[in-house]
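Hi everyone, thanks for making time. I'd like to walk you through some side-chain contacts, so please have the model open while I talk.

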Amino acid sequence: MNKMNKGLLSALVLGAFSGTASAAGFQLMEQNASGLGNAFAGSAAVAENASTIYYNPAGMTQLKGANVSVGVDYITLKADFKNGNSTGALAGAQNRDGGDSAPVPNGYFSYQINDQWFVGVGLGAPFGMRTNYPQSWKGSYAAMDTDIQSANLNPSVAYKVNDTVSLGLGLDYQLFRATYSQNAGPILGAFKVKGDSTEWGWNAGALFTLSESTRVGVSYRSKIDHHITGDWTASGIGAKGNASLDIKLPDTWIISGYHRLNDRWELLADVSRTGWSSVPEILIKTPGFVTNQVRKDYSWTDTTRVALGANYAVNDALKLKVGLAFDQSVVDDAHRTPRLPDQKRVWYSVGAQYKVTKTSAIDVGYAYIKADKAKVNDPTSAGTLNGEYDSNVQVLGVQYSMNF
C-alpha cells in the first residue's frame with residue numbers, strides 16, 4: 001500500500017473512531033453500551049454479548065453459536081476554564097469551555113467452533129480525546145487543538161478448559177493519530193504537529209465460573225509502543241517539515257465479579273489498573289524547526305478505577321441497570337495542562353436492556369461523569385496560564401446484540 005493510500009485509509013478509519021476522554025488520561029472505557037448502564041462494573045465477568053471480546057476474550061465461551069453486537073456511544077466533554085492569576089501574554093485569559101463532542105462506534109462478532117473452541121473479532125476505539133481552543137484565546141500560548149484518535153482491530157480466540165475455567169487470547173492491530181497545536185507568537189503563528197502510527201499489541205483473559213450464579217474474570221491488555229510520524233507547520237511563516245513522536249500507550253489490568261443474587265437481582269464489581277506512568281513526558285522531534293523539538297513534562301502516574309453495579313429484571317424482556325464508579329487522575333496540580341485538565345472523577349450510570357426476541361436485545365445506557373475542580377498552573381515561553389477547570393462528561397450509548 002503506497003503512502004498516499006495508507007494516509008487516506010487512516011484518515012477514514014480514525015475519523016470514525018475519534019472520541020472525548022471519559023476515563024483517566026485519554027482512555028475510553030466506552031467499548032459497548034450494555035456495560036455503560038453499570039459504569040462498566042463486572043466488565044471482565046459479565047459476558048452477556050460479543051463485546052466481551054474487548055474486556056475479556058475468555059467470555060466468548062459463555063456465548064453459544066454466532067453472536068453479533070454493534071453500537072455507538074456519544075461522548076460530550078465540558079471543560080470550563082476560569083482564569084486565576086495568569087501572567088505575561090496569557091494575563092487576562094478569557095474564561096472558556098475547551099471541551100468537545102464525538103461518537104465512538106464499536107462492533108463485535110463471535111463464533112462457537114465446537115464445545116471448547118471459540119473465535120471472534122472486535123473493532124473499537126480504546127483511546128481518544130479532544131480539547132479545542134481558538135488562536136484568539138490568550139491561553140492559546142499553552143494549548144490550541146489537542147486531538148487523539150484511535151481504532152483497534154482485535155481478533156481473538158477462547159478455549160473452554162472445563163466447566164470452571166476458560167482462557168482467551170487476542171491480538172490488537174491499532175491505528176493511532178495525534179494532533180497538537182499552540183500559538184507560537186506573532187511571527188511563527190499557529191504551530192501545529194500532526195502524525196499517525198500503526199502498531200501491534202495483545203490481550204488475554206481468564207474466566208472462572210464458580211457456580212451457576214457466580215463468575216470471576218481477569219484480563220490484561222498490553223502496552224503498545226507507537227512511533228508516530230507526520231509533519232509540523234508554522235502558519236505565520238508558511239514553513240513546514242517532518243515531525244515524529246514516540247509514545248508508549250499504557251497497559252490495563254481488570255478483575256471483575258458477577259453474582260446473580262436471585263431471579264431478579266444481579267450484582268457486579270470491577271477493579272482496574274492502568275499504567276499511565278508509561279507517559280512521563282511528550283517529546284516531539286521537529287527537525288528544521290527553531291528548537292528541533294517540543295518537550296513537555298507530564299509526570300503521569302498509574303491509576304485505579306473501582307466500579308459497582310446492579311441489574312434488576314422487571315420481567316423476562318426488560319432489565320434495568322445502575323452503576324457507580326470512582327476513577328483516579330493521572331496528573332497532579334503541578335503538571336496539569338489545558339490540553340487535558342484531568343482530575344479524579346465519579347461516574348453515575350443508568351441503563352436498560354430490552355429483549356426484542358429470545359435471541360436479540362437492545363441496550364441503552366447513560367453516564368454522567370463529574371470531575372473534581374482541577375487547578376492549572378502551566379508555564380510557557382509567553383507567560384503562565386493560571387486558573388481552574390470545572391469539568392464533566394456525559395455519555396449516551398445504544399447497542400444491538402443478536403445470537404443466531
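**Side chains that meet**

Let's start with D145, which is buried, at a relative accessible area of 13%. Before I go on, keep in mind that this is a predicted model.

So what does D145 meet in a salt bridge? Its partner is R130, with 3.0 Å from N to O. D145 is in strand β6 (residues 145-160) and R130 is in strand β5 (residues 129-132), so this contact ties together parts that lie 15 residues apart in sequence. Now, is R130 buried or partly exposed? It's partly exposed, at 26% relative accessible area, while D145, as I said, is buried.

Stepping back, a search of the whole structure turns up 15 salt bridges. Another one of them joins R345 and D327, where the closest N and O atoms are 3.3 Å apart.

For another setting, have a look at D163 and K160, a salt bridge with its closest N and O atoms 3.9 Å apart. D163 is exposed at 63% relative accessibility, and K160 is partly exposed at 21%.

Okay, on to the rings. How many aromatic pairs does the structure hold? There are 18. Take F26 and F176: their centres are 6.4 Å apart, the planes are at 45 degrees, and the pair is tilted. F26 is in the loop between α1 (3-16) and α2 (52-55), and F176 is in strand β7 (residues 165-183), so that pair ties together parts 150 residues apart in sequence. Both are buried, F26 at 4% and F176 at 1%.

Then there's F81 with Y389, also tilted, with centres 5.3 Å apart and planes at 55 degrees. This pair links distant parts of the chain, from strand β1 (residues 66-83) to strand β21 (residues 383-403), 308 residues apart. F81 is buried at 2%, and Y389 is buried at 1%.

Coming back to F26 and F176, they belong to a cluster linked by ring pairs, together with F127, W276 and W300.

Last stop: charges over rings. R221 lies over the face of Y54, 4.0 Å from the ring centre. The charged end of R339 sits over the ring of Y180, 3.7 Å from its centre.

Note on methods:
Residues are numbered from 1 along each chain as its sequence is written. This is a predicted model: local features need pLDDT of at least 70, side-chain atom pairs count only at pLDDT 80 or more; totals for chains, interfaces and linings use all residues. Side-chain values use heavy atoms; hydrogens and water are left out. Rings of Phe, Tyr and Trp (its six-membered ring) pair if their centres lie within 6.5 Å; planes under 30 degrees apart count as stacked, over 60 as edge-to-face and the rest as tilted. Helices (H or I, at least four residues) and strands (E, at least two) are DSSP runs, numbered from the N terminus. Buried means under 20% relative accessible area, exposed over 50%, partly exposed in between (1.4 Å probe, protein chains only). A charge sits over a ring if NZ of Lys or CZ of Arg is within 6 Å of the ring centre and within 35 degrees of the ring normal. A salt bridge is a side-chain nitrogen of Lys or Arg within 4 Å of a carboxyl oxygen of Asp or Glu.
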